[in-house]
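Try each task before you read its solution.

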Amino acid sequence: MCIRDSLRPEVFPYDLPPLAGRMRLSPARKLHIERLDGNRGGLGLSVSGTVHASGEKPVLRLNITAAGLPVDDRLAKALPEAAREGLAEAGLAGGTIDVGLSVRGAADEIDVDADVTLRGCSARPKAFPYPIEKLSGRVQWAEKTKTLTLESVVGFHEATRLAASGQMRLSQPQRPAFQLALQANNLVLDEKLRAALPAEWQKLWKQHQPRGSIDVRGHLTSTDEGKLTFQGMTTLRGCSLVAAELPRRLDDITGTVEIGPGAIRPVSYTHLTLPTN
C-alpha cells in the first residue's frame, strides 16, 4: 500500500509534514509501516513500525525520527504530560531539535521514549534560573522511569561556557531529583548569578560579597526533601571578597577553593595568592 497524506497521531498531536511511503496490511490486522518520509519547511520526518488492531485497543510499536523540529509552544502542547513537565522544568525554548521517538503500548497505556539532540536552544531551568543560550548536546527521556538524562550538554551565558551531564528523575514533578556533573568556565560573579542561586548560597554570597570570575567543576544533587547541594572545586581568577577573619576586603585573589554544603574554604593556603599592600 502506497500513501501520500498527513500524519497526526493521537500520541503526538502535532501538524506534521505530508508523508509518502509504503505500508502493508497483514491478515492478522497488523499494519506494517515499512517507511514513511516527509519534509516541509526544514522539518524532516520518518516513521516505521507496526500498528496491531486485532484487539479492542490498537497496539503501537513505532519508531519516529524528526530533524529540525522547532522548540516552541506547539511542541510543548503536543508532548505527553510527563515529557511536557520535563520540558518546563528545564525551561527549554527556541532553536531546533532532532528527535528519535520509540512509541510502545496500547491506547492510554503508551510509553514514549525520546532521544533528542539540541541545536541552538535556550534554557532557564527552574532549579537554577540562569539564562543559557546556544545549547548543544544530547538529552534522553525514559518514560517508565520518568528519567531525563543529559549527555555532554553545552551552552553559553554571554562569555561563560557551561556544561552538564547526568540525570534528573521526574517521578515526582514537584520534587525532581538531580544528579548532575557541572562545569563552568569564566563564570562571572554578578547579580544574575546571585539571583539564580538557592537561598542558602545567597546567604554565603551576602557574607563574602564576591566579585570577579571563576572556573567551577563539581556535582549538583538534590536530597529527598528537594534541597539542592553542590560539591566541587572552584578556581578564582582575580577575584575579590570579604573574609570574616580579616577587617578589610581582599582583592586580586587567585587560587583553588573547595565548595561544599554550607561552606567555602581554601584547599590549602599555598594555593592562594593574596595582596600584601
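**Exercise 1.** Are Trp201 and Phe230 buried or exposed?

Solution. Both Trp201 and Phe230 are buried. Buried means under 20% relative accessible area, exposed over 50%, and partly exposed in between (1.4 Å probe, protein chains only).

A note on the model: it is predicted, so local features need pLDDT of at least 70 and side-chain atom pairs count only at pLDDT 80 or more, while totals for chains, interfaces and linings use all residues. Residues are numbered from 1 along each chain as its sequence is written, and side-chain values use heavy atoms, with hydrogens and water left out.

**Exercise 2.** Find the aromatic pairs and classify them.

Solution. Rings of Phe, Tyr and Trp (its six-membered ring) pair if their centres lie within 6.5 Å; planes under 30 degrees apart count as stacked, over 60 as edge-to-face and the rest as tilted.

Step two: search. The whole structure holds two aromatic pairs.

Step three: take Phe128 and Tyr130. Their centres are 5.4 Å apart and their planes make 35°, so the pair is tilted. Phe128 is partly exposed at 27% relative accessible area. Tyr130 is buried at 0%.

Step four: take Trp201 and Phe230. Here the values are 6.1 Å centre to centre and 75° between the planes, an edge-to-face pair. This pair links distant parts of the chain: Trp201 sits in helix H4 (residues 199-208) and Phe230 in strand S13 (residues 228-242), 29 residues apart. Helices (H or I, at least four residues) and strands (E, at least two) are DSSP runs, numbered from the N terminus.

**Exercise 3.** Which residues does Gln207 contact, leaving aside neighbours within four places in sequence?

Solution. Start with location: Gln207 belongs to helix H4. Now the contacts, meaning heavy atoms within 4.5 Å: they are Val242 and Ala244.

**Exercise 4.** Describe the surroundings of Ser46.

Solution. Ser46 is part of strand S4 (residues 43-52). At 11% relative accessible area, Ser46 is buried. Beyond four places in sequence, Ser46 touches Arg35, Leu36, Asp37, Asn63, Ile64 and Thr65. With Arg35 there is also a side-chain to side-chain polar contact at 3.5 Å. A polar contact is a pair of N or O atoms within 3.5 Å; within protein, one must be able to donate a hydrogen and the other to accept it, and residues adjacent in sequence count only if both atoms are side-chain atoms.
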